[in-house]
Amino acid sequence: MIKKMTCISCPLGCQLEVEVNETIKVTGNKCKRGEEYAKNEVTNPKRVITSTVRVEGGDRPLVSVKTDKEVPKDKIFEIMKEINKIKALAPVNIGDIIIENVLGTGANIVATAKVMKG
Amino acid sequence: MKRDLVIIGGGPAGLAAALEAKKNGIDDILILERDKRLGGILQQCIHNGFGLHIFKEQLTGPEYAQRFIDEVERLGIEYKLDTMVLHLGDDKHITAINPKDGLMEIDAKAVVLAMGCRERTRGALNIPGNRPAGVFTAGAAQRFVNMEGYMVGKKVVILGSGDIGLIMARRMTLEGAEVKMVVELMPYSTGLKRNIVQCLEDFDIPLLFSHTVVKIHGKERLEGVTIAKVDENRRPIEGTEEYIECDTLLLSVGLIPENELSREANIKINPVTSGAYVNELMETSIDGIFACGNVVHVHDLVDFVTEESYLAGYGAAMYIKGQYKKDGKRFNTMGVNGIRYVVPNSICPQNVKGSVNFYMRVSDVYHNVNLIVKDGENIIYKSRKNHVSPGEMENVKLSKEVLEKVDGNELVFSLEEVAK
């Protein structure tokens, strides 16, 4: 089976063809990252999730957050539910852990913006 | 008030220009920002993918902005928030206002324009139909969702496959909305490939090329839109109309540099980019007024905005210190045959520091072409491109040595088919 995909490791966006038999054969990639990306995409696709979390006592109502590692793609919506449950308390700094090891994925939800007391 | 350098706009362009001017010995700098905080539009771009070129890592918009804000704070560069510039004269006289200082009259030795761009609106598209609530530009919706904390709707159609539209398709999906489709007038996307993959394909959101919205339905709130296929002249084809029920329509149909102030200062504007004509140091047609970032031409990547703005900051510093020579040989740049525009527009090699990065956009999708740069009949640069698209900016770096050898008074950038 040949699967076509666009590599997103960098803005170049190589068009890859991935042949999945006993081994995985990747063509169309201009660098090593393309091969790695394609292999991961067909075996264990992962993504960084970015969203926002409510803040109490801050100079703005929300703080932006991300997973500090890529998480399995099929966990995205479950993780979003966790993110939407929680509230942060001002002040918040970039890198502050908002949720530790979210759903046992090994990834933390960390703040990506600064919120001061307000 | 008299200032050495006034920078209008505290987004990524203004911040980078300020830092580079400071680094080059200018201490009296004032940044004027109309929002409540520095960072510009990056503050609402909470997705990641920023900084791959400059920092060699993937940052979110607020993280990218904060690196520059921290540096501005550390160096003690002065800025005023909540401050609107009302007028800019060609004598570099600025009128600005804010609630704390009231009306301010500022005479600057040099000015950097870093006002960014604005989204095209429904009015600019002339979509027929009613005027219900629920029609937003994608960026306005992004601000509501990511900064103010309001969801803008539940069933969404997005018109235009620009990057903000794609990013918002994912964002709305993550927050529980149903994004029914993205419709794109052109037969190709104007957004970055990685956004099409990560924002649409990941969530099975259909992308319909050569389609547009021909009618908006609903009285108080949007109830639906009629979409239709378009022909090669982008005219809706009769009989292809389809009604799509939705409560929200997001528009991601292009960005326009925000040059009201530039026009007041009689700065010459390039009709192709809607931004100022600039030279090798990002100086506009008016002496001592520089410009950088999306106010000059709309970029895909903030990294390139930063790079271009460092140059403007350097240029302004050279100007203030009187080290910027205007008497040297100068030639223009031009894009033809598939190259829609080139920035910068003119080059005086003696002012170039190391090299010039020429940015350009192509006018259509082309495969297997050479991007060539000619000085008269002489080809001074050639690069093979497997795929070019108007949605992805191209750039060509030429060194000072190469630029110094240019004989003619025009450097011509063009595409040519690769000989079979």
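Reply: Two residues are in contact if their C-beta atoms, placed from the backbone, lie within 7 Å. Among contacts in chain A between residues at least 6 apart in sequence, 47% join residues at least 24 apart. This is a predicted model, in which local features need pLDDT of at least 70 and side-chain atom pairs count only at pLDDT 80 or more, while totals for chains, interfaces and linings use all residues. Residues are numbered from 1 along each chain as its sequence is written, and chains are lettered from A and ligands numbered from 1 in the order in which they are written.

Chain A has 2 helices and 10 strands (DSSP runs numbered from the N terminus: H or I of at least four residues for helices, E of at least two for strands). Along the sequence, their order is β-β-β-α-β-β-β-β-α-β-β-β. The radius of gyration of chain A, taken over C-alpha atoms, is 18 Å, well over the 13 Å that the globule rule (2.2 Å times the number of residues to the power 0.38) gives for 118 residues, so chain A is more spread out than a compact globule. The C-alpha trace of chain A spans about 55 × 25 × 15 Å along its principal axes. Of its 118 residues, 32% count as buried, with 20 or more other C-beta atoms within 10 Å of their own.

How values were computed:
Buried ≥ 20, exposed ≤ 12 C-beta atoms within 10 Å, placed from the backbone.
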